[in-house]
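The tour moves from one selection to the next and says what is to be found at each stop.

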Amino acid sequence: DGMIRNGQVRSAMVVGTEVYSRIVDWTDRGTCVLFGDGAGAVLLVASEGQGTSADRGILSTHLHSDGRFGDSLLVDGGPGSTGGTGKLRMAGNQVFRHAVSKLAAVVDEALDANGLTHADVRWLVPHQANLRIIDAMGRKLRLPPERVVVTVDRHANTSAASIPLALAEAASDGRIERGDLVVMEAIGGGLAWGAALARF
């Protein structure tokens with residue numbers, strides 16, 4: 001978005017892809033049943049007249065991380081590391097607790113930065129981590145369930161691919177329409193979390 005706005009490029013393809021089947025511990029039923037392989041992409045294209053909150057496109061992005069919580073969701077090694085097994089490790093209860101509070105805060109941060117409120121949000125397209133987190137975020141935004149895009153029930157948590165996959169579904173079936181304000185939010189290993197506002 002920044003490169004498009006400053007004229008460096010006219011378009012950009014944003015790709016998220018995951019192959020969790022390579023890193024899940026198949027003996028750990030607390031994680032292996034939750035994650036899936038997937039890939040998704042979004043094409044961003046420059047348009048004229050950007051610069052106000054009424055414009056279409058990315059309004060703002062807000063990213064955070066805090067390594068103090070890194071042990072709650074990580075891959076313990078991998079190619080080139082010494083002694084690691086390269087498997088996904090997750091403390092589910094800790095991740096859930098951090099996810100709900102941190103995602104709610106970063107969504108409010110994004111709305112505040114653009115002079116918008118929960119009432120302005122037409123759609124929540126969340127990271128498809130799990131239905132409990134998605135439901136909690138929908139309630140915090142005071143959105144009815146039919147305004148929250150859910151795909152986790154069909155392809156599990158595909159991490160970086162989950163928002164592009166959910167966006168693709170909601171755009172192709174006509175749910176998201178021109179002018180709709182969409183909130184996207186995600187949390188992942190590190191811990192790292194963020195939100196983006198877009199007007200379609």
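Select histidine 62 and glutamate 109, whose side chains make a polar contact at 3.1 Å, a term that stands for a pair of N or O atoms within 3.5 Å, where within protein one must be able to donate a hydrogen and the other to accept it, and where residues adjacent in sequence count only if both atoms are side-chain atoms. This is a predicted model, in which local features need pLDDT of at least 70 and side-chain atom pairs count only at pLDDT 80 or more, while totals for chains, interfaces and linings use all residues. Residues are numbered from 1 along each chain as its sequence is written, and side-chain values use heavy atoms, with hydrogens and water left out.

Histidine 62 is found in strand 3; helices (H or I, at least four residues) and strands (E, at least two) are DSSP runs numbered from the N terminus. Leaving out residues up to four places away in sequence, histidine 62 touches Val106, Glu109, Ala110, Ala113, Trp193, Gly194 and Ala195, contact meaning heavy atoms within 4.5 Å.

Next, select leucine 103, which is in contact with Ile133, Met137, Trp193 and Gly194, among others beyond its neighbours within four places in sequence. Leu103 is also one of the residues that touch the most other members of the largest nonpolar core, a set of 34 residues; such a core consists of buried Ala, Val, Leu, Ile, Met, Phe, Trp, Tyr and Cys residues joined through side-chain atoms within 4.5 Å. Helix 2 (92-113), helix 3 (131-140), strand 7 (181-188) and strand 8 (192-199) each supply at least two residues of this core, and the largest share, eight residues, comes from helix 2.

Of its 46 lining residues, Val42, Ile58, Leu167, Met184 and Ala196 lie nearest its centre. Strand 8 gives the largest share of this lining, seven residues.

Finally, to locate the second largest pocket, select Phe35, Leu73, Met90, Val95 and Asn157, the closest to its centre of the 23 residues that line it. Helix 2 provides the largest share of that lining, four residues.

Note on methods
Buried means under 20% relative accessible area, exposed over 50%, partly exposed in between (1.4 Å probe, protein chains only). On a 1 Å grid over the protein atoms alone, a cavity is a set of points where a 1.4 Å probe fits but cannot get out, and a pocket is an open set with protein on both sides within 12 Å along at least five of seven lines; lining residues have an atom within 4 Å of a point.
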